[in-house]
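This report describes selected parts of the structure shown below.

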Amino acid sequence: MDLDALKADLEKDFLEINSQEVLNILKVKYLGKKGHISELSKNIKNLSKKDRPEFGKTIGELRKLCEEKIFAAQEQIEVNSINESLEKERIDITLPGSYKSQGKLHPLTVTTLKITDFFSAQGYLIEDGPEIESAYYNFDALNIPLDHPARDMHDTFYLDNGDLLRTHTSPVQIRAIEKRGAPLKIICPGKVYRSDADKTHTPMFHQIEGLVISENVNFGHLKNEIMTFIDFLFGPDTKVRFRPSYFPFTEPSAEVDIMDKKTKQWLEIMGCGLVHPNVIDMAGLDPNQFSGFAFGMGIERMAKLLYEIEDMRSLFTNDIKFLSQ
Amino acid sequence: MKILYSRLLETINSKLKIENLCDDLTMIGIEVDGIESFQGDKVIDFDLTPNRGDCFSVRGLARDYCAFKNQKFSTSRSVPFKGRHKFEKSIRLSAADACSAYSAISISNLKIKKKFPENIKKSLNASGIQSIHPLVDIVNFVMLESGQPMHVFDQDKINGNIEVRFAKPKETIKILGEKELKLTSDCLVIADEKEPIAFAGISGGLKHSVSKKTKNFIIESAFFSPSIIKGKARMYGFQTDASQRFERGVDFELHEEALKDVISIIQDIFESDISKIETKKNKYFPKKKIIGISLKDIEQKLGMPIKETTLLSILKRLEIKLLKKTKSTFNFEVPSHRFDLSIKEDLIEEIARMIGYDNLSQIKSDPVSQNYETSEYNFLNAIKVFMKNKGFLEVINYSFLDAKVLENLNIVEESISLKNPLNNSLSTLRTSLLPSLAESLEFNLNREQNYLKLFEIGKTFSKKNPKESLNLAALLFDSEKMKNWNSSQNLDFYHLKGIIEDLATEFRLSDLSWKKTTNDLLHPYASADIFQKNKKIGSVGSLNPRYLKTMDLAKPFYYLELKIDSLHRKNLEKLVSSSIYPTSQRDFSFEVDKDISYEEIENCIRSASESYLQSLRIFDVYAGKNIAQDKKSIAFRITWGSNKKTLSEDDINNETSLIISGLEKELNAILR
């Protein structure tokens, strides 16, 4: 066999190799001890000294070519075999995951977290207090004496011993001042209770209340804090207005409204004001030295705005279809 | 308070659109609750804050509006009146400051000379006041206009002279509306020589009220101190137009003026014989309050400077008179209609109100910088997120429920009930979260849900100390053993126990132990109480089947409840590098008596092993086929290792034989 014929055979044999067996046979056929290339190279002794190097070089190239072909074929066979087994391992990727383990937080918790996260980042401490309160902390210490008409605004649940279920989170303000003194910056989320039930009222609901006490706290600080918060919660293009209101524990007092982006109606979202000097005094600080601001909002109302909930009561029926949305 | 739009417009002398009028009023703190159409006119329903008694009338609203708009407000002073004869009864004020001024007139020979004005009736109707008798209607109309409540008596039913005094022991009065009230000694009454004829400032007595037959009338107009009226009507469970006004404060200079207004309307409509106005005042009659304030005070609170001229002009518009100006302090006199102004902060609010809250500056600096401190609240929220990630849906239930529910579950002891619940089903504070979660379960079962994983974090209440305990409760219910197509995990006791163990790992709760439960709500042999050190912190297990019927359930649920407000959490611990030497593992399977607990087996293995034991993991528990009836098979994998050397085959064989012989000797176990 001459060189050219061998090369042509080689090219032809390696055109299509689909198994390891065929490749093994070809390896022996060309590179084996008695393979074509070895056999052919024996011819060198029949050549003249002058032709020998040329022949040797050609044989070398042929051997190299053959080795490359084998290597490439080997690679191809492995790839083919992986591809084949991959096909066999095909699964139905449209089946649902084995174990759906994600629950859900209640919308009120999500809303509360949104709000507390904001204020925590502003350096507020999160405080809580008891839900069973004394009339002192719930009313008297907040400048709401027994005969005050403002007690009318709070339909209070009483216990037999004269204690009550707190009607707002404001008692926590007093407890926090008593415990920590001033300066102070706290936010208090929690459950509150009023004997009221209709489409917009539930006998238990949630409030969140903030209090800042220091020297020289003024209405400008309060406005800034509220505006920053509203930007965060409802977006920076929210229209806001402050209007005068009345709470026994703040003076001046304000109500904050935001403009509903859809209905273009003003919505009341929170009450706030500068802490009344009587409250500061009763909590044991000097109102001539310390001033402060406080603000409070209903979490249900916030959740209602954020989630566009229609009926407040649906927050407490615990329908899992509703909650797992 | 409902007021006719047209009356308000006329009084402020304006043609303002109702929306604009209401917006303006809202921005000065007079909240509008609603607007209704009324006989071709409109009625505005105001939601007045309790401090603004001065706005409880058409003129009061107009006065505040005009001050805001810097517009002249003309109080049309009534025509002077001179009666022809003296008021015949004597008036005695015996209740000190509770009533320091009382005026009255008597009227007789009343004859109508022209049709009773429709506008008076319309105003009354719009405000929800029933038309009763022409004189009563006129008195009520003047009240709506001026804010001064007055009362008309049937003179012939009054025995002798009039006294304003506190109620005597056991005195009662039947008021309009047929209600009999037992009066207490702090109730102020108007009395004749025999009995109370009116509950002062709140309601007239039925017996002495006017009727169609009344011939001779007495009209009273008085100043009652807000502190004596406050809360009184509410104490008896009602309120009246008079009580609402008097408890907030009615202008103490108004009673005579209002009476003159009444007289001029009567004279316009009727021929009549009206007495001179009899007025009694005592030494307790209020003086106008004086408040001192400086420009610095105002700047300190508002955070922006106010000019002296601005201050003076604003307060003047509000009829707040400058009495005296010293170097830095201004002394202002509060008008008789503003009961809500007594300290400088009150004046500062007035200034802010007139400037407009939206025009006050916003100051972008933080008045307090505080040290960071982690709050318990972060822990609570982390638990919520943990439970959510474990596949639980958070629910929130009311803190109160029906006492019967607690009774049926025998957990009513030491419970706290409300004195005035909304209804019986919300009468008692919960002592456990179980009934609430069971109720959520029932609600959802009735809506074709049969796979539930719920949790709630909330307080439970008890008369014992501590009164409040913050608990985590979780409920598992899987009525159809709904297996996932690709997993076979059971939602059972061990699932919940695993969650508590994970919780303990996540939050570094140390020293937890499990004991047979003493919680009667749970299955006595398939539930555990959880202890941290020696303190019981909760229980976990399945509902005791005896409560299935009570709860109307076909199958029990799995449940856990943990007190989370007193858990002990370890600090972060030092992290130790792993040993560089390889570990060795072997699997064992033993047959033991059914009654032997895993805990006993583990303790036995740990005490039998000499050293090197690193972990013990149980991977199978089996009873049934191929195992004797009173036996079970238990299989586990033990891992040994050392941080000093690679363990030899001999080391492992030695350990293995110690463990096998230990189990055989102590627990009669047989290696399978």
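A residue counts as buried if 20 or more other C-beta atoms lie within 10 Å of its own, as exposed if 12 or fewer do, and as partly exposed in between, with C-beta atoms placed from the backbone. Helices (H or I, at least four residues) and strands (E, at least two) are DSSP runs, numbered from the N terminus. The model is predicted: local features need pLDDT of at least 70 and side-chain atom pairs count only at pLDDT 80 or more, while totals for chains, interfaces and linings use all residues. Residues are numbered from 1 along each chain as its sequence is written, and chains are lettered from A and ligands numbered from 1 in the order in which they are written.

**A covered strand in chain B**

Strand β10 (residues 188-191) of chain B is covered on both faces, with B:L188 and B:I190 buried on one side and B:V189 and B:A191 buried on the other. Two strands pair if DSSP finds at least two bridges between them. The table gives the two partners of β10(B).

| Partner strand | Bridges to β10(B) | Sense | One bridged pair |
|---|---|---|---|
| β7(B), residues 162-166 | four | antiparallel | B:R165 and B:V189 |
| β11(B), residues 196-199 | three | antiparallel | B:I190 and B:A198 |

A hairpin of four residues leads from β10(B) to β11(B).

**Nonpolar cores**

A nonpolar core is a set of buried Ala, Val, Leu, Ile, Met, Phe, Trp, Tyr and Cys residues joined through C-beta atoms within 7 Å. The largest one has 219 residues, and B:C99, B:V189, B:I219, B:V262 and B:L475 touch the most other members. Helix α5 (residues 134-146) of chain B gives the largest share of this core, eight residues. Two residues are in contact if their C-beta atoms, placed from the backbone, lie within 7 Å. Beyond its neighbours within four places in sequence, B:L475 has contacts that include B:L437, B:L452 and B:F557. Another core, of eleven residues, lies apart from the largest one and has B:F590, B:V592, B:I659 and B:L663 among its members.

**An open sheet in chain B**

In chain B, four strands make an open antiparallel sheet in the order β29-β30-β28-β31. Its edge strands, β29 (613-622) and β31 (670-671) of chain B, each pair on one side only. Two bridges join β28 (residues 584-593) of chain B to β31(B), and B:F590 stands opposite B:L671 in β31(B). Helix α18 (residues 649-667) of chain B lies across β28, β30 and β31 of chain B.

**Helix α5 of chain A**

After α5(A) comes A:G123, with a positive phi near 95°.

Where is A:N46 placed? A:N46 is in the loop between α3 (36-41) and α4 (52-88) of chain A. A:N46 counts as exposed because it has 9 C-beta neighbours inside 10 Å. From A:N46 to A:P107 is 61 residues in sequence and 95 Å in space, C-alpha to C-alpha.

**Between the chains**

Contacts link 76 residues of chain B with 67 residues of chain A.

How values were computed:
Axes fitted to C-alpha atoms, helices over the stretch in contact; angles between N-to-C directions.
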